[in-house]
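Here is a short report on packing and strand order. Sequence and coordinates come next.

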Amino acid sequence: MAEWRRVRCFADQLQRCGLTEGEVVSVLSESSSRPELVETARLAAEVLGGRVFDLVVPTPANDQPVAIRSTGASQALQGNPAVLAGLAAAGLVLDCTVEGLLHAPELRTILGGGARVLMISNEHPETFERLPFDPTLEARVAQAHARLGAASTMRVTSAAGTDLTVRLAGAVTAGSTGVTAGPGSIAHWPGGLVLAFPAPGTVAGTVVLAPGDLNLTFKRYLERPVTLTIVDDHITDIAGDGVDADLFRSYLSAFADAEGDRAAYACSHVGWGLNHQARWDQLELYDKRDVNGTEARAFAGGFLYSTGANEVAGRFTAGHFDLPMRRCTITLDGGAVVRDGELVDEAVAPMS
């Protein structure tokens, strides 16, 4: 059931995305979507005078050998031409699918029609209340995105043993503030991070997942270290003597066995969080089914290493890990933007 305080919160965000009275708004959901988010999004758009229509598609069957809780891209649209035509004709699409359209293959068609998309992450509704609009976030994301886009090399190190190098030539970079930027744009809410999708053959080194780092596919804080050796973009060794390492090995091996390739072991994207309101410890306070983990991806100073699909590198797979890490140092061409898990650039300093 939608509650007024949440409708008001959503309406505030939609106003910032430019929703005006009389605009056509599509509320996109699937049969497995969180009902409260769908209802709240619909009511918020109606409060602002939007001409709202619901577009509901069935959640497709899982054709993978293991449970899927994170693919990084919704597969609900299934290329349906009628659905795509309806979405492309809208002024604003409120994306309430479980995984979101951010990396869905149909997104280009939808944006090409002039629609803008606000991807509402599949989070507990309280999350959106705790992360209200931050007027300083846009400038921080823009500055960080500019730094990332101009750099040739990212290096990530940590006291735990991480030493990863990402060559950024040919990478596609992006930043999200949680607010759409006009026709043909997409944003995910909550926002507050910058990412690079590296080109093929550009990622190598060691990633050490330390206790307290997160595995968002499992919705789990690591309790024992897991060391990933990365050669030519791909994890070639997973070392660790605890259940965290066992789970990591077991889950990824299912995709390698089923798909006949190792795309699930490859680097999907890398980046860091800029949202000072987001918290790394929020996962502990909700049931697993209640969170998607967007907040954990965006907490200020956190490094995000992800495995799986990367369109820039021509790799596609349903296997996906998002792995937010604390206490890392991130440098771009030798200049630090994060040091020991703290933002150091003046443009991304904490709110006053």
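## Nonpolar cores

The largest nonpolar core has 47 residues, and M154, W272, F303 and Y305 touch the most other members. A nonpolar core is a set of buried Ala, Val, Leu, Ile, Met, Phe, Trp, Tyr and Cys residues joined through side-chain atoms within 4.5 Å. Buried means under 20% relative accessible area (1.4 Å probe, protein chains only). Helix α7 (residues 243-259) gives the largest share of this core, six residues. Apart from this core lies another, of 25 residues, among them A11, A45, C96 and I120.

W272 is in contact (heavy atoms within 4.5 Å) with residues including M154, L193, V194, G302 and L343, leaving aside neighbours within four places in sequence.

## Basis

This is a predicted model: local features need pLDDT of at least 70, side-chain atom pairs count only at pLDDT 80 or more, and totals for chains, interfaces and linings use all residues. Residues are numbered from 1 along each chain as its sequence is written, and side-chain values use heavy atoms, with hydrogens and water left out.

## Open sheet

Five strands form an open, antiparallel sheet in the order β7-β9-β15-β16-β17. Strands are DSSP runs (E, at least two residues), as are helices (H or I, at least four). Two strands pair if DSSP finds at least two bridges between them. The edge strands are β7 (172-176) and β17 (321-325).

Five bridges join β7 to β9 (residues 193-197). G175 stands opposite V194 in β9.

## Helix pair

W4, F10 and L14 are among the α1 residues that meet α2, where the partners include L37, A41 and V47.

Notes
Buried < 20%, exposed > 50% of the residue type's maximum accessible area, 1.4 Å probe, protein only.
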